[in-house]
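Dear colleague,

I am passing on the structure that follows, together with some notes on what was found in it. Please open the two side by side, and take the notes in the order in which they are written.

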Amino acid sequence: MPIRSALITVIERAVRKAGSSLRRDFGEVEQLQVSRKGPADFVSAADQKAERVLKEELKRARPDFGFLMEESGEEAGSTPDMPRWIVDPLDGTTNFLHGIPHYGISVALEEHGEIVAGVVYNPLTDETFWAEKGKGAWLGERRLRVSGRQDLRQAVVATGIPYHGHGDHERFNAILSAVMKEVAGVRRFGAASLDLAYVAAGRFDAFWEDNLKPWDMAAGILLIREAGGFVSDFRGGEQMLATGDIVAGNTHLQSRLHKLVAQAIKAQRG
């Protein structure tokens with residue numbers, strides 16, 4: 001049985017409290033779909049409320065730590081070398097907005113530029129994916145391992161698709177065209193933090209996406225590493241939080257997928 005540290009306990013308590021708030025608000029979304037104004041303002045308020053809950057809980061437990069949050073931005077810690085929380089209070093906002101039951105909360109702790117703890121929580125399934133550096137990745141009490149598949153032709157790969165006003169559509173199409181020919185299937189679920197958690201759990205064999213924010217992937221990066229997987233940016237380095245792009249999977253499939261992505265980008269640039 002895994003022994004949760006005080007740090008993981010703090011994060012889990014915070015995400016569960018925020019998750020309860022989101023579940024209640026999600027129950028109201030369908031009622032708002034028929035209104036002329038639509039549920040957009042309501043969902044934005046739900047997002048901000050969840051962030052306030054997370055910030056209050058985390059700050060109460062670790063008052064000196066800093067924050068990097070999707071809604072309220074960056075807040076320095078009590079000293080420059082203090083760790084900081086990287087928080088996405090509602091990953092999968094578009095799903096939430098449309099009443100699609102797939103969204104999550106992501107909280108990671110960064111210390112001296114390194115992710116040392118992370119939790120991805122799915123309020124609807126009550127699944128808590130958590131990891132701490134050097135202590136493995138877990139789904140509740142169950143140890144996680146990335147998929148053992150070696151052949152891309154048997155692999156299900158997840159991604160995110162650019163949309164109106166966001167992302168490089170031509171580059172994505174080039175990558176997708178290259179990947180589709182080599183894999184068993186491509187999935188797009190609309191919440192990158194959960195996609196990465198699913199890679200750690202072996203549900204997805206691999207994942208790629210660009211134009212992400214640090215709060216989308218910080219916790220997921222640690223989950224995959226602690227589950228025995230490998231993560232890189234599109235250039236093969238480890239600057240995912242800075243570049244916003246990521247390729248993840250077990251060591252073998254990540255290498256194959258990264259090669260496909262890199263070749264597609266090179267060919268698209270001409």
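Helix H2 (residues 40-61) lies across strand E1 (66-69), E2, strand E3 (84-91) and E4, and runs at about 150 degrees to E3. In these names, helices (H or I, at least four residues) and strands (E, at least two) are DSSP runs, numbered from the N terminus. Angles run from 0 to 180 degrees between N-to-C directions, and axes are lines fitted to C-alpha atoms, for helices over the stretch in contact. Please keep in mind that this is a predicted model, in which local features need pLDDT of at least 70 and side-chain atom pairs count only at pLDDT 80 or more, while totals for chains, interfaces and linings use all residues. Residues are numbered from 1 along each chain as its sequence is written, and side-chain values use heavy atoms, with hydrogens and water left out.

H5 also packs on the sheet, where it touches E3, E4, E5 and strand E6 (127-132), and its direction makes about 100 degrees with that of E5. Contact here means heavy atoms within 4.5 Å.

The sheet itself is open and is formed by 8 strands in the order E2-E1-E3-E4-E5-E6-E7-E8, with mixed pairing. Its edge strands, each of which pairs on one side only, are strand E2 (73-75) and strand E8 (142-143). Two strands are said to pair if DSSP finds at least two bridges between them. Strand E4 (residues 104-111) and strand E5 (residues 114-122), for instance, run antiparallel and are joined by 7 bridges, and Leu109 stands opposite Ala117 in E5.

How many of the residues of helix H5 (residues 192-200) are buried? The count is 9 of the 9, so the helix is largely enclosed by the rest of the structure. Buried means under 20% relative accessible area, exposed over 50%, and partly exposed in between (1.4 Å probe, protein chains only). Just after H5, Gly202 takes a positive phi of about 80 degrees.

His102, which is found in the loop between helix H3 (93-97) and E4, is also buried, with a relative accessible area of 11%. If residues up to four places away in sequence are not counted, His102 touches Gly92, Asn95, Leu124, Phe189, Ala191, Leu194 and Tyr198. Leu194 and Tyr198 are among the buried residues of H5.

**The five-stranded sheet**

Another open sheet is formed by 5 strands in the order E10-E9-E11-E13-E12, and here too the pairing is mixed. The edge strands are strand E10 (185-187) and strand E12 (230-232), each pairing on one side only, and the twist averages 15 degrees from one strand to the next.

E9 and E11 run parallel and are joined by 3 bridges, with Phe207 in E11 as the bridge partner of Ala158. E11 and E13 pair in the antiparallel sense over 4 bridges, and Ala206 stands opposite Gly249 in E13. E12 and strand E13 (residues 246-249) are likewise antiparallel, over 3 bridges, and Val247 in E13 is the bridge partner of Ser232.

In a regular strand the side chains alternate between the two faces of the sheet. In E11, Ala206 and Trp208 point one way and Phe207 and Glu209 the other way, and all are buried.

Helix H6 (residues 214-226) lies across E12 and E13 and runs at about 35 degrees to E13. Ala218 has its place in helix H6 and is buried, with a relative accessible area of 1%. Leaving aside its neighbours within four places in sequence, Ala218 is in contact with Ile86, Ala108, Ile115 and Leu241.

H8 lies across strand E9 (156-159), strand E11 (206-209), E12 and E13, running at about 150 degrees to E13. Helix H4 (residues 169-180) packs with helix H8 (residues 251-269) at an angle of about 130 degrees, and their axes are 9 Å apart. H4 and H8 are therefore oblique to each other; angles under 35 degrees count as roughly parallel, over 145 as roughly antiparallel, 65 to 115 as roughly perpendicular and the rest as oblique.
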